[in-house]
Amino acid sequence: MSTTVEKIKAIEEEMSKTQKNKATSFHLGQLKAKLAKLRKELVTPSGGGGGGAGIGFDVARTGVASVGFIGFPSVGKSTLLNLLTGTHSEAAAYEFTTLTTVPGCVVYNGAKIQMLDLPGIIEGAKDGKGRGRQVIAVAKQCNLIFIVLDVNKPLTDKKIIEAELEGFGIRINKQPPNIVFKKKEKGGITITSTQPLTHIDNEEIRAVMSEYRIVSADIAFRCDATIDDLIDVIEERSRRYIPVVYALNKIDAITIEELDLLYRIPNSVPISSEKGWNVDELLEMMWEKLDLKRIYTKPKGKQPDYTAPVVLRMGQNTVEDFCRSIHKSIIDSFKCAVVYGRSVKHQGQRVGLQHVLEDEDVVTIVKK
Ligand SMILES: Nc1nc2c(ncn2[C@@H]2O[C@H](COP(=O)(O)OP(=O)(O)OP(=O)(O)O)[C@@H](O)[C@H]2O)c(=O)[nH]1
Ligand SMILES: [K+]
Ligand SMILES: [Mg+2]
């Protein structure tokens, strides 16, 4: 019997040999769905272990957000952790110096952010090479990933790392596809779309549905989706949408002309971990991608305290979240909140618990 990895290889080969046209689209759709299922099996084996973080990989999470470092061996991940956090993670000129997760912490804009230095990964990591799966599993739980690249190495390394993360269900710098998918008891498959679908046809959709043994469902496309987008929505629970910043390291070893070219890569920051060059820009981009909100509390009749913001996590940005992060008992005596800043039309506006706050808002809680 062939292994999951062998089965994946066989399907990938078959797909590369199959031209996409009307006659083959059902078959191709089926292959894509099969591939997605095999990949899931690979990263979450039924026997336990393998997919999850193993001993030495899982660390206690602290801070309001976490950033995982992913890259090939010796690109300078540990040197970067040491520079940013002042932690000591062994850095050396030989590959696989780091063998476990090494946590560090930076305080930026008043927010405590955990940084996780990870072992280097190699091509094929997602298919079980080295300890790549454990490493990527840690990154999958992070709020942001730094893909660290050595600028002296071929830029194709970027694509390889991206493919490793993608194969593990991580979607980079991407929003979930705008497709509403609802399984039903009966009634067959209903497909609607708000715009023409230029990448998929009904045959492919039918193939994917039959592969997942879904007989009845409503599928509403609100974007020009691909078949992979549809599979991502069906496999929703095993997908994570994570922002990525490319840390292009070791720029001390290249020319100004080469550096100019690097600046054209989206979501990237050229740095030198060894010389400490351009770290500010890296942290700025980190902050932007983490989308954290600093909220200043203003006790009634006093000036706001600008030294100690309450930092709200990504997606937790209502007045209620703010109250809970101070103390859960506040909710019981909450009457309203008076807000100054970008989230309100009128400064000093009174709002309720469901009001969504913006970065740097000033809030006074009024009690009953
Ligand atoms: N020139 C230059 N060398 C660097 C830079 N950053 C790291 N290095 C060197 O690159 C080598 C590897 O650095 P590490 O920090 O151990 O790399 P790593 O990615 O953590 O490596 P593994 O843990 O083995 O995966 C060391 O010899 C570092 O001194 C840099 O910005 N410029
Ligand atoms: K190393
Ligand atoms: Mg290291």
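**View 1. Leucine 259 sits in helix α8 (residues 256-262).** The model is predicted: local features need pLDDT of at least 70, side-chain atom pairs count only at pLDDT 80 or more, and totals for chains, interfaces and linings use all residues. Residues are numbered from 1 along each chain as its sequence is written, while chains are lettered from A and ligands numbered from 1 in the order in which they are written. Helices are DSSP runs (H or I, at least four residues), numbered from the N terminus. Leucine 259 counts as partly exposed because it has 13 C-beta neighbours inside 10 Å (buried needs 20 or more, exposed 12 or fewer). Leaving out residues up to four places away in sequence, leucine 259 touches Ile251, Ile254 and Pro270 (contact: C-beta atoms, placed from the backbone, within 7 Å). Tyrosine 296 lies 37 residues from leucine 259 in sequence and 39 Å away in space, C-alpha to C-alpha.

**View 2. Helix α1 (residues 4-17) packs with helix α2 (residues 25-43).** Their angle is about 155°, and their axes are 10 Å apart (axes are fitted to C-alpha atoms over the stretch in contact; angles run from 0 to 180 degrees between N-to-C directions). α1 is therefore roughly antiparallel to α2 (over 145 degrees). Residues of α1 including Ile8, Ile11 and Met15 meet residues of α2, among them Leu31, Leu35 and Leu38. The contact residues divide into 9 nonpolar, 1 polar and 5 charged (nonpolar: Ala, Val, Leu, Ile, Met, Phe, Trp, Tyr, Cys and Pro; charged: Asp, Glu, Lys and Arg; polar: the others, Gly among them).

**View 3. Ligand 1 has 24 residues around it.** Gly76, Ser78, Ala91, Thr98 and Gly120 come nearest (near: C-beta atom within 6 Å). Helix α3 (residues 77-85) gives the largest share of the shell, 3 residues. The shell holds 8 nonpolar, 11 polar and 5 charged residues.

Conventions:
Helices (H or I, at least four residues) and strands (E, at least two) are DSSP runs, numbered from the N terminus. Angles under 35 degrees count as roughly parallel, over 145 as roughly antiparallel, 65 to 115 as roughly perpendicular and the rest as oblique. Two residues are in contact if their C-beta atoms, placed from the backbone, lie within 7 Å.
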